[in-house]
Amino acid sequence: AGEEHDRTMGLLLANPISRRRIVVEKCAALIVHTTVVGVAIFAGVIGGSLLGGLGMSAANIGAASLQVTLLGIMFGALALAISAATGSVRAATLSTIGVFGVTYALNSIFAVADELDGWKRLSPFDWYLSGDPLNNGIDLASVGLFVGFSALFVVAAVALFGRRDLRRG
């Protein structure tokens, strides 16, 4: 798969397209695909609430769906930056899964260890869950963190991909 990716990237870069545009378009595809998943989550929870007679607020379901979508976009942007830096889809995938797993585990530990309470804001899962969007609606601070880190990772991806020697991976 890695060799095929290298050939595909080589063919793509043989066209008169800037590296910046390639990264920005990959980011746009990431956002579109993740948003489709977020809309499906929203529709599924709305449907479940209606079928089950739960009476959940559509606005709060929308808030939770938006925040989980932004969480996904942020991790996707991280993978994009790692891929741009390393040239390896495998490294990007495994590294991002690792960061995801560690931050999720830390969030779980922080939830039960009162002495570590001050550290919980380091986990993106705390950003998603701490405001309890299903009950309280959108948490603008969390949205700001997701958008800010996503933008940071995309800017890093543009810079890193622009400097990487593609002949060496």
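In the predicted model, Asp 126 is buried, with a relative accessibility of 7%, and its side chain takes part in a salt bridge with Arg 121, in which the closest N and O atoms are 3.0 Å apart. Residues three or four places apart in an α-helix point the same way, because the helix has 3.6 residues a turn. Arg 21 is partly exposed at a relative accessible area of 45%, and Glu 25 is likewise partly exposed at 42%.

The protein contains 7 helices and 0 strands, so that its elements, read from the N terminus, run α-α-α-α-α-α-α. Of its 169 residues, 33% are buried, and the accessible surface comes to about 10100 Å², with 67% of this area belonging to carbon and sulfur atoms. Among contacts with a separation of 6 or more, 66% are accounted for by residues 24 or more positions apart.

Helix H2 covers residues 19-52, and its end C-alpha atoms lie 49 Å apart, in agreement with the 50 Å that its 34 residues should span at 1.5 Å a residue. The buried residues of H2 are Ile 22, Val 23, Cys 27, Leu 30, Thr 34, Gly 38 and Ser 49. The helix is followed by Gly 53, which has a positive phi near 65°, and the loop between H2 and helix H3 also holds Leu 54. With a relative accessible area of 56%, Leu 54 is exposed. Leu 54 belongs to a nonpolar surface patch that also includes Val 37, Ile 41, Val 45, Met 56 and Leu 134, the group having about 470 Å² of accessible area together. The largest share of this patch, 3 residues, is contributed by H2.

Helix H3 is mostly covered, 21 of its 29 residues being buried, and its first and last C-alpha atoms are 42 Å apart, close to the 42 Å expected. Just after H3, Gly 87 adopts a positive phi of about 75°.

A positive phi is also found at Asp 132, where the angle is about 50° although the residue is not a glycine. Most residues other than glycine have a negative phi. Asp 132 is located in the loop between helix H5 and helix H6, and at 32% relative accessibility it counts as partly exposed.

Methods: Residues numbered from 1 in each chain as written. Predicted model: local features only at pLDDT ≥ 70, side-chain atom pairs only at ≥ 80, totals over all residues. Heavy atoms only, no water. Patch = residues over 30% accessible without salt bridge, like charges linked within 9 Å, V, L, I, M, F, W, Y side chains within 5 Å. Areas by Shrake-Rupley, 256 points an atom, 1.4 Å probe, with all protein chains shown as cover. Salt bridge = Lys/Arg side-chain N within 4 Å of Asp/Glu carboxyl O. Helix = DSSP H or I, 4+ residues; strand = E, 2+ residues; numbered from the N terminus. Buried < 20%, exposed > 50% of the residue type's maximum accessible area, 1.4 Å probe, protein only. Expected span 1.5 Å × (residues − 1). Contact = heavy atoms within 4.5 Å.
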